[in-house]
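Student: I have a new structure open and would like to learn how to read it. Could you walk me through it, feature by feature?

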Amino acid sequence: MQTGYLFDTPVLYSPQPIPREDVPQGWYCCDLCGTAKAPDVPYKLVDQAEKNFAGSIFSFQPLKNGKAQSRLLKDAFRLSGEFATLDEFCIEENIPLPQTPIRHLMRPASPEEAGLFYALPQEKAEELGAIGHVRIDFGQSGEEFWHTWWPRGPEELNTPEFRAELAEVVNDFRKGVLKDLLSMERYCWGSDGAIKGGSCCQNYGFTLESARYIYRLRCNPIRGDYQAYLACFDREAQKLTHDLSMEMGGMG
């Protein structure tokens, strides 16, 4: 994003809309609006532009009274001509780095990984330390959140530690890719995570790795079917299975 100043406050500017679910906790995002005669020229600051969108502003402090519908710029907005990531911007302006949301740590699946996002043979599931998967759909409206848990591995892997982390992961995903069907569509169609194997539409895969667990999210962004499967694996169980296999192989 491009750096600049608005009302003498350092800001980041994006010519494209910034999804509000991507705004870190404690930060602020507003839109710039133009006029009917000059829709691309920033004229005022609003919470979210419905027309005459002229860019989005990202800041570490509020730039508008929360009760006011808008704030006129009056030549108070200027761009530096330089570009920076959020981390670079924070370092340059001596601003504390915001905590990276869990969902931003996901990576898109590679074509070679496609098979890991679908139901696995029991032997392969055990080899990978499978715990189970969450099946998710957004209901008829596309804005509900129905989910069921399906165990896939030994019950002893479904520990309180795992359940606590899984809840944290799902709750954070619900601010982005799992917020609703429309959010999932936007997330998937702008990604590199397309995978083969879907029977009715294009599926997308994304992987999140924590210190102990691996989560593989398969998205099926279409109405009338389950829209997501979040498969969960235990790294430690995977390692133990691998070590045991190596040990048995050595005995042979």
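Student: In which sense do strand S2 and S5 pair, and over how many bridges?

Tutor: Before we start, keep in mind that this is a predicted model. Now to your strands: S2 (residues 9-14) and S5 run antiparallel to each other, joined over three bridges.

Student: What pairs with S5 besides that, for instance strand S3?

Tutor: S3 (residues 28-33) and S5 also pair in the antiparallel sense, over five bridges. Look at Ile-57 again: Cys-30 stands opposite this residue too.

Student: How many strands form the sheet, and in what order?

Tutor: Seven strands make up an open sheet, and the order is S6-S4-S3-S5-S2-S1-S7, with antiparallel pairing. At the edges sit S6 (70-72) and S7 (77-83), each pairing on one side only. On average, neighbouring strands here are turned by 35° against each other, direction ignored. Helix H1 (residues 86-93) packs on the sheet and touches S1 (2-6), S2 and S5. The direction of H1 makes about 165° with that of S2.

Student: Why is S5 described as largely enclosed?

Tutor: Go by how many of its residues are buried, meaning under 20% relative accessible area. In S5 (residues 53-59), six of the seven residues are buried, so the rest of the structure largely encloses this strand.

Student: Is Gln-227 buried or exposed?

Tutor: Gln-227 counts as buried because its relative accessibility is 2%. You'll find Gln-227 in the loop between S13 and S14. Its side chain reaches the backbone oxygen of Asp-225 at 2.7 Å. Leaving aside neighbours within four places in sequence, Gln-227 is in contact with several residues, including Leu-181 and Met-184.

Student: And what is Tyr-229 in contact with?

Tutor: Tyr-229 lies in strand S14 (residues 228-234). Beyond its neighbours within four places in sequence, Tyr-229 is in contact with His-133, Val-134, Arg-135, Arg-216, Leu-217 and Arg-218.

Student: What about charged side chains? How many salt bridges are there?

Tutor: The general idea is that side chains of opposite charge can pair when their charged atoms come close. Counting nitrogen of Lys or Arg within 4 Å of a carboxyl oxygen of Asp or Glu, this model has nine salt bridges. In one of them, Glu-161 pairs with Arg-212, with the closest N and O atoms 3.8 Å apart. That pair links distant parts of the chain: Glu-161 is in helix H3 (residues 160-173) and Arg-212 in the loop between S12 and S13, 51 residues apart.

Student: Which salt bridge does Asp-234 form?

Tutor: Asp-234 also pairs with Arg-212, with the closest N and O atoms 2.9 Å apart. Asp-234 is buried, at a relative accessible area of 1%, whereas Arg-212 is partly exposed at 29%.

Student: Which residues are linked in a network of salt bridges?

Tutor: Arg-107, Glu-113, Glu-209, Arg-216 and Arg-235 are linked that way. Within this group, the side chains of Glu-209 and Arg-235 meet at 2.3 Å, N to O.

Terms used
Residues numbered from 1 in each chain as written. Predicted model: local features only at pLDDT ≥ 70, side-chain atom pairs only at ≥ 80, totals over all residues. Heavy atoms only, no water. Helix = DSSP H or I, 4+ residues; strand = E, 2+ residues; numbered from the N terminus. Contact = heavy atoms within 4.5 Å. Buried < 20%, exposed > 50% of the residue type's maximum accessible area, 1.4 Å probe, protein only. Polar contact = N/O pair within 3.5 Å; in protein donor to acceptor, adjacent residues only side chain to side chain. Pairing = 2+ DSSP bridges. Axes fitted to C-alpha atoms, helices over the stretch in contact; angles between N-to-C directions.
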